[in-house]
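Reader: I have a model to look through. Can we take the surface and the core in turn?

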Amino acid sequence: MSAPPWGHKPPPVDDVTAYWLSMPPVMSPRCGYWVARHAAGTWRPNRRIRNEGYHAAAEQLGIWIWEYLHIVRALFDDQ
């Protein structure tokens, strides 16, 4: 099976609450994946993700809560 143009989705983080209040030392590969997909125009957060709370949305996306609140949530505002 060939990889899609944006690559395969990395595995989710083990514990979304590990970085809740503080910034992680590096961005998780899964967060980088969603940011790259958004920049390429191949992903937009759907209504379900937008309406979820921050913990549930971070779980759904497989990223740390801090990344959701400070990186991915900003992508919603761009639309």
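Author: A definition comes ahead of the surface. Patches are made of residues with over 30% relative accessible area and no salt bridge, and nonpolar side chains are joined within 5 Å. Keep in mind that this is a predicted model.

Reader: Which residues make the nonpolar surface patch of about 430 Å²?

Author: Members need over 30% relative accessible area. L69 has a relative accessible area of 36%, so L69 is partly exposed. L69 sits in helix α4, residues 65–77. The patch is made by W20, L21, Y54 and L69.

Reader: Is I65 buried or exposed?

Author: I65 also belongs to helix α4. Setting aside residues up to four places away in sequence, I65 touches V16, T17, Y19, W20, Y54, H55 and A58. Buried means under 20% relative accessible area. I65 has 0% relative accessibility, so I65 counts as buried.

Reader: What separates the C-alpha atoms of I65 and G53?

Author: I65 and G53 are 12 residues apart along the chain. Their C-alpha atoms are separated by 10 Å.

Reader: Which element gives the most to the largest nonpolar core?

Author: This core has 17 residues, and W34, W43, A58, L61, I63, Y68 and V72 have the most contacts inside it. Two or more residues come from each of α1 (29–40), α3 (54–61) and α4. With five residues, the element that gives the most is α4.

Reader: Which residues is Y68 in contact with, leaving aside neighbours within four places in sequence?

Author: Y68 is among the core residues with the most contacts inside the core. Beyond those sequence neighbours, its contacts are I49, Y54, A57, A58, L61, I63, R73 and F76.

Definitions and conventions: Residues are numbered from 1 along each chain as its sequence is written. This is a predicted model: local features need pLDDT of at least 70, side-chain atom pairs count only at pLDDT 80 or more; totals for chains, interfaces and linings use all residues. Side-chain values use heavy atoms; hydrogens and water are left out. Patches are made of residues with over 30% relative accessible area and no salt bridge: like charges are joined within 9 Å, nonpolar side chains (Val, Leu, Ile, Met, Phe, Trp, Tyr) within 5 Å. Accessible areas come from the Shrake-Rupley method with a 1.4 Å probe; for residues, only the protein chains shown count as cover. A salt bridge is a side-chain nitrogen of Lys or Arg within 4 Å of a carboxyl oxygen of Asp or Glu. Helices (H or I, at least four residues) and strands (E, at least two) are DSSP runs, numbered from the N terminus. Buried means under 20% relative accessible area, exposed over 50%, partly exposed in between (1.4 Å probe, protein chains only). A nonpolar core is a set of buried Ala, Val, Leu, Ile, Met, Phe, Trp, Tyr and Cys residues joined through side-chain atoms within 4.5 Å. Contact means heavy atoms within 4.5 Å.
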